[in-house]
Amino acid sequence: MHIAVIGTGYVGLVTGVVLAELGNNVICVDKDPRKVEMLQDGVPPIYEPGVEEMLKRGLKSRHLRISDSIEFAVSQSEVVFIAVGTPPAEDGTPDLTAVRAVATEIGKSIRHYTVVVNKSTVPVGAGDMVEQIILEQGVDRAMFDVVSNPEFLREGSAIHDTLHPDRIVIGAKSREAAVKLVELYASLEAPMIVTDLNSAELIKYGANSFLAMKISFINALSRVCELSGANVADVARGMGTDGRIGRQFLSAGLGWGGSCFPKDVQGMVKTAERLGYDFGLLKEVISINEDQTLHFIRRVEARLGGFQGKKIGLMGLAFKPNTDDIRDAKSLVMIEKIMAKGGKVAAYDPVATENVRELYPNVEYVENVYDLSDSADCLILVTEWNEFKQLDLERLSACMKEPVLFDGRRVYAKDAAERAGFEYYTIGS
Ligand code: NAD
């Protein structure tokens, strides 16, 4: 099939390279000239395992082309994906400026029947909005259909998730458009849920809100564990083995962050509000999440007797392992809070350092995790990168002023950390 993908971020680029790998003819478009140039040279502007190889293969086989022109891409394509960002506005409502801008451009460029697929995460009703915008450009109703095809990939395993999705959701008003997408995805052999536009849009918000709720639930329970002397890992294991509950998303930690959960849960609350429902449950999910990080920082502060003049080493900056994405990362809250109270921060991350350096040039960035401990008063494990799981903890503790380790992701066993000389604290036990 001939496909255009507008927006080459985590979702658009991965969608584009995978669809090209499957033998389609794909044109990826971005408005950022730097990204377009890098992609044309075979260099992905984001860090995502496996993308670079697929990008290079796609360019070489000519199944993948990169362009800065929506008009050109739409004129060559039967299916056009919208995969631009939908960040939260000041008040938490999703900002659909980019979706609107792209829909307008698509409307101006349609010359033959085109299926316009919205992959960006949007509030219910946005598909109708896209349809309306295209109609306003003078396009005949018979010349296009709008489909909602929300994306569920996870950064860090985006290629795998795109090739092996748990399900593919297709929301459409027209059977012809739905069938087109069913055909496009047929080779993935994944379960497909074909529904109406509004339901498809709500599936995405519903799924992310539910997962965030699960994490906030176990984090709230971790506080009860801390107060009662129970161990949250055992509690979670005991709960999660119940098939009705499930083990996933029951790891207590610093809370959820990243580019999706914060904005999608907030977006769900705002969407419900607009429609006349007060989604109080999700408001509490958000507030538990925010307090989880602050509670942890308060514990570090209390142990150190304040941050003034202290040096704290942050292990990990990305919002989760295997990505350089720092949107709503817990590391940023920590840097803010520690520095605001007169502390110094040193930090190490395998791939996200440069992104944080742009925001916080005053942090001391080190090249090696062991350099963090050099004269540090405390280490905080923020991101559970695999390379942190196999560290020589004795070597890590050796150079510290005081070997204090706060493990925000429950990576280390308490007795192993203590044997290595650390005074060890974690969440929920
Ligand atoms: P991103 O910010 O990484 O990428 C968006 C891209 O769109 C950027 O490269 C930007 O330059 C480009 N763009 C913006 N306006 C444009 C325009 N007018 N014309 C052409 N290009 C334009 O975003 P992302 O993380 O890929 O997310 C995209 C959407 O997918 C969001 O709605 C997000 O919520 C959703 N989503 C993201 C993830 C994820 O893990 N990142 C997962 C599922 C769904």
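Between domain 1 and domain 2, about 620 Å² of area is buried, and carbon and sulfur atoms give 45% of that. Bear in mind that this is a predicted model. On the domain 1 side, three residues, Tyr10, Tyr47 and Glu155, supply 80% of the area that domain 1 buries against domain 2, more than any other three residues. As for the bounds, the domain assignment gives 2–195 for domain 1 and 287–426 for domain 2. Their centres, taken over C-alpha atoms, are 37 Å apart. Seven residues from domain 1 and eight residues from domain 2 make up the contact.

Glu155 takes us to the ligand. Which residues come nearest to the ligand? Of the 27 residues around it, they are Asp30, Lys35, Thr86, Glu155 and Lys263. So Glu155 is on both lists: the domain 1 trio and the residues nearest the ligand.

By class, the shell around the ligand holds 10 nonpolar, eight polar and nine charged residues. Two helices, H1 (10–21) and H5 (97–109), each supply at least two residues of that shell.

For threonine 86, a polar side-chain atom lies 2.6 Å from a ligand oxygen. Valine 11 uses its backbone, with a polar atom there 2.9 Å from an oxygen atom of the ligand. In arginine 327, an N or O atom of the side chain is 3.2 Å from a ligand oxygen. Overall, the ligand has 840 Å² of accessible area on its own, and the protein covers 89% of it.

Terms used
Residues numbered from 1 in each chain as written. Predicted model: local features only at pLDDT ≥ 70, side-chain atom pairs only at ≥ 80, totals over all residues. Heavy atoms only, no water. Near = heavy atom within 4 Å. Polar contact = N/O pair within 3.5 Å; in protein donor to acceptor, adjacent residues only side chain to side chain. Areas by Shrake-Rupley, 256 points an atom, 1.4 Å probe, with all protein chains shown as cover. Helix = DSSP H or I, 4+ residues; strand = E, 2+ residues; numbered from the N terminus. Nonpolar A, V, L, I, M, F, W, Y, C, P; charged D, E, K, R; others polar. Domains from an automatic or database assignment. Contact = heavy atoms within 4.5 Å. Buried area = accessible area lost by both parts, 1.4 Å probe.
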